[in-house]
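Hi everyone, thanks for making the time. I'd like to walk you through a structure, so please have a look at the screen.

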Amino acid sequence: FKPDSIQLNSDITSIKETSTGQIWITTAGNGAILLKNPYYEIDQITAEVFRGKDGLSDKVFNSLLTRDGTFYCLTDVGIKKYNKTDNKFDNYLLPDLTKYWMKTVMFEDSNGNLWFGTYHGGLYKYLTDQEKMVIYDRRDGLANNWISYITEDSQGNVWVGTWGGGITRFSGEKMTNFTPDNGLDANQIQC
């Protein structure tokens, strides 16, 4: 495919650059697009489209490119992991990761742990070295169960944005919430 032959009729949900300079673009209704040589002249760029019929989904809400180069897509049919060898997407399942709550965001922290935010189902942290899932929700002190964003600062604190509850900062296992009650301007976090 040439980029000018690709029809997009939905929002772009993420853009990620691989270590080899390829660009992944995910969309809310047109699957994912891999630009294989994005730095060439526009008429020389080649692209490949992955959709539901190709094992992905047309609806990709977010993506993650891990430090080891693994590319994941959060879709309406679960988490999909790109298989470079077969050039296709496979289902990605982890023990104790919810199948009920839709995943909204996925994040890899500096220790290699994987964090999963959900739509009203709280936060899941997969401890890769222990192969163990830890679950956090409002009962544990999480600001809200609808997770909209996850990031990590230079001190190793993980910041979790929520829709309706403000922000929760994890310093190790200690949680601190930031809301309008203590100075945050809004409870709806979208990044």
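Let's start at Thr70, which sits in the loop between β5 and β6 (71–75). Keep in mind as we go that this is a predicted model. Is Thr70 buried or exposed? Its relative accessible area is 14%, and because the cut-off for buried is under 20%, Thr70 counts as buried. The side chain of Thr70 makes a polar contact of 2.7 Å with the side chain of Asp68. If we set aside neighbours within four places in sequence, Thr70 also touches Leu64, Leu65 and Lys81.

Lys81 stands opposite Asp90 in β8. Strand β7 (residues 78–83) and β8 run antiparallel, and four bridges join them. Both belong to an open sheet of four strands, in the order β5-β6-β7-β8, with antiparallel pairing. The edge positions go to β5 (60–65) and β8 (88–91); each has a single partner strand, so one side of each has no neighbour in the sheet. On average, neighbouring strands here are turned by 30 degrees against each other, direction ignored. For anyone who wants the background, strands of a sheet pair through backbone hydrogen bonds, either parallel or antiparallel.

Now for the rings. How many aromatic pairs does the structure hold? There are 16 of them. Let me take Tyr119 and Trp146 as an example: the ring centres are 4.7 Å apart and the planes stand at 80 degrees, so this pair is edge-to-face. Tyr119 is in the loop between β10 (114–118) and β11 (123–127), while Trp146 is in the loop between β12 (132–136) and β13 (147–152), so the pair ties together parts that are 27 residues apart in sequence.

A second example is Trp159 with Phe178. Their ring centres lie 5.5 Å apart and their planes are at 25 degrees, so this pair is stacked. Trp159 comes from strand β14 (residues 158–162) and Phe178 from strand β16 (residues 174–178), so here the pair ties together parts 19 residues apart in sequence. Trp159 is partly exposed at 25% relative accessible area, and Phe178 is partly exposed at 24%. There is also a cluster, in which ring pairs link Trp24, Phe50, Phe71, Tyr82 and Phe89.

Trp159 stands opposite Arg169 in β15. What joins β14 to strand β15 (residues 167–171)? The two pair in the antiparallel sense over four bridges. They are part of an open sheet of four strands ordered β13-β14-β15-β16, again with antiparallel pairing. In this sheet β13 and β16 are at the edges with a single partner strand each, so one side of each is left without a neighbour. The twist from one strand to the next averages 20 degrees.

On to Ile135, which is found in strand β12. Ile135 is partly exposed, at 42% relative accessibility. Which residues does Ile135 touch, once those up to four places away in sequence are not counted? The answer is Asp96, Leu123, Tyr124 and Asp140. Ile135 can also be placed relative to Trp115: the two are 20 residues apart in sequence, and their C-alpha atoms are 9.8 Å apart in space.

Asp96 is found in the loop between β8 and β9 (103–108), and it is exposed, with a relative accessible area of 60%. What is phi of Asp96 near? It is near 70 degrees, a positive value in a residue other than glycine. As a reminder, most residues other than glycine have a negative phi.

Glu131 has a positive phi as well, near 50 degrees, and it too is a residue other than glycine. You'll find Glu131 in the loop between β11 and β12. At 61% relative accessibility, Glu131 counts as exposed.

Methods
Residues are numbered from 1 along each chain as its sequence is written. Side-chain values use heavy atoms; hydrogens and water are left out. Rings of Phe, Tyr and Trp (its six-membered ring) pair if their centres lie within 6.5 Å; planes under 30 degrees apart count as stacked, over 60 as edge-to-face and the rest as tilted. Buried means under 20% relative accessible area, exposed over 50%, partly exposed in between (1.4 Å probe, protein chains only). Two strands pair if DSSP finds at least two bridges between them. Axes are lines fitted to C-alpha atoms, for helices over the stretch in contact, and angles run from 0 to 180 degrees between N-to-C directions. Contact means heavy atoms within 4.5 Å. A polar contact is a pair of N or O atoms within 3.5 Å; within protein, one must be able to donate a hydrogen and the other to accept it, and residues adjacent in sequence count only if both atoms are side-chain atoms.
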